Amino acid sequence: MYRSVWLATLLLGTAAIAAPSKDPYAALRPSVAKIVGGSFDEAPLAQLAELTENIGGRVTGSKAYGQAVTWAMAQLTAAGAQHVHVEKFTLAHGWQRGPARGKVLSPRVRALHVESFGWAPSTPAGGVRGPVLLMHGFDDVPAQVKGAIVVVERPSGGGGPGPKRVLAMRKALTALHAGGARAVLVSMPASVTSNVLTTGSPFVDGQLAPLPAGVIGLEDERSIARAIDAGPVTVELEITNTVTGPIEVANVIGELPGKTRPNEWVLVGAHLDSWDFATGAQDNGAGVVQVLAAARLLAAAGPLERTVRFALWGGEEQWMIGSRAYVSAHEGELGGCIAALNTDNGAGHVVGWKVAGRKDVEAALSPIARRLLAPLGGAKLDLELTADTDHFAFLAAGVPALDLLVEDGNYEAAHHKQADTLDKLDSHALSSGISVVAVTVLALASTVEPFARRLDRAGVEQLLKPDGLDEMMRQNGWWK
Ligand SMILES: [Zn+2]
């Protein structure tokens, strides 16, 4: 302090050098220090162990998902959140995975690595047998597919579920069903080797695939492709899933009411559901315990000016059903939502926030990033716009949406695979992510200044168009 006063005195009169700017967050510094200190705690990892090892994989609508809801309500209440409750929404169908098996019958008998897609139906009991018909990518569905088991070589260019690719896959499955194909097996992308499988569902909102469909290991698919060059290949496939009619599923919601502006709210959420190959540690147990820790740390910081809402969503893996249901149900008060924050990118090295294409959000967030998040290593703001997790539900409704930005080359190795288990978690990265999330919420909820505005429908259409996401909104029936 003495030193800076002395320096300022020395510099008086030298107009070229600006005086040090006043810290706009000075009043928040004691809370920031407590939050950062409290982020580096063993509680989140212990909670993550409970969620993943005791409850396990949590497919939306499953018994384990129901247990996770009960657990999350207790945790959120213990963290100090108020009005903890569930908000229910409906999926068109319930679905549970059963065993799947496949084998090449000719020219040589050999077992295959196969699993069903989520929300795909079973084969008839005893399985289906048929000649393999090979497709390269999803675009050119052959005219004659009747009776075939179609094996699709996934087009090159990564394994990510880009919306355009998913729409193409969905169209192809519909055409193959109409043409009389018996089943479809889609290969892994070239980056997923050793017959490792990634699960997922190309259909949205709990709608069923029109025919038995799943994934096949890369090496198995390549082997079939080579054999087909020499002559016909026959395959047998059996899938035994359980499919039900409509089911009700719950989001878990809690809040810390605002002191002076209770109708203005900052939401921070993560999805509670997971896929079932493993225990959903990175996707998205990590995000869940980050939200729970943020609730504990912000409750301890005392009432903030604005309300903070905490949300643990269901149905994210079936295309953000829970968060979209929340957005629809709360349409009347979305104007009061200052920002919706989401954490669902694994517990890798957190570096900042994705601001989802919005330069105005980047500008509004940048003082917080510069002054509060930089010391935490979380100052990077990225304009990348993705439609792959729950922030998108808010983004598509025009609300400023932030998705935690994580740099981790290892995420894909675990994402929706058998490898998504607790042992992959980096405890330090998990904690540093908590500090970035909680400090960002603290800053947004402590101010009375406006943040970025809510976009109208025309503004959202303009935002989504460059990535073709406006088309996805229409094809999914989310926009009329
Ligand atoms: Zn996820």
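The lining of the largest cavity divides into three nonpolar, two polar and four charged residues, where Ala, Val, Leu, Ile, Met, Phe, Trp, Tyr, Cys and Pro count as nonpolar, Asp, Glu, Lys and Arg as charged, and the others, Gly among them, as polar. These lining residues are W275, D276, F277, A278, G280, D283, H416, K417 and D420, and the space they line amounts to about 50 Å³. A cavity here is a set of points, on a 1 Å grid over the protein atoms alone, where a 1.4 Å probe fits but cannot get out, and a lining residue has an atom within 4 Å of a point; grid points are joined across faces, edges and corners, and the volume is the space filled by probe spheres set on the points.

The model is a predicted one, in which local features need pLDDT of at least 70 and side-chain atom pairs count only at pLDDT 80 or more, while totals for chains, interfaces and linings use all residues. Residues are numbered from 1 along each chain as its sequence is written, and side-chain values use heavy atoms, with hydrogens and water left out.

D283, one of the residues lining the largest cavity, is also a donor to the zinc ion, together with H271 through NE2 and D344 through two OD contacts, at 1.8 to 2.5 Å. Donors are N, O and S atoms within 2.8 Å of the metal (3.2 Å for Na, K and Ca), and because water is not among the atoms, sites may look incomplete. The donor residues follow the spacing H-x11-D-x60-D in sequence. H271 belongs to strand β13 (residues 261-271) and D283 to helix α7 (residues 281-300), 12 residues apart, helices (H or I, at least four residues) and strands (E, at least two) being DSSP runs numbered from the N terminus. Both H271 and D283 are buried, that is, under 20% relative accessible area with a 1.4 Å probe and protein chains only. The arrangement of the four donor atoms is irregular because they subtend angles of 54 to 149 degrees, whereas a tetrahedral site would need all angles between 85 and 135 degrees.

Strand β15 gives the most, three residues, and by class the lining has five nonpolar, three polar and one charged residues.

Rings of Phe, Tyr and Trp (its six-membered ring) pair if their centres lie within 6.5 Å, and planes under 30 degrees apart count as stacked, over 60 as edge-to-face and the rest as tilted. W313 and F394 form a tilted pair, 6.0 Å centre to centre with 45 degrees between the planes, which links strand β14 (residues 306-313) to helix α10 across 81 residues.

Of its 17 lining residues, V327, A396, A397, W478 and W479 lie nearest its centre. Helix α8 gives the largest share of this lining, three residues, and the lining residues divide into 10 nonpolar, two polar and five charged.

Methods. On a 1 Å grid over the protein atoms alone, a cavity is a set of points where a 1.4 Å probe fits but cannot get out, and a pocket is an open set with protein on both sides within 12 Å along at least five of seven lines; lining residues have an atom within 4 Å of a point. Four donors count as tetrahedral if all angles lie between 85 and 135 degrees; four count as square planar and six as octahedral if opposite donors are over 155 degrees apart and all others between 65 and 115; anything else is irregular. Buried means under 20% relative accessible area, exposed over 50%, partly exposed in between (1.4 Å probe, protein chains only).
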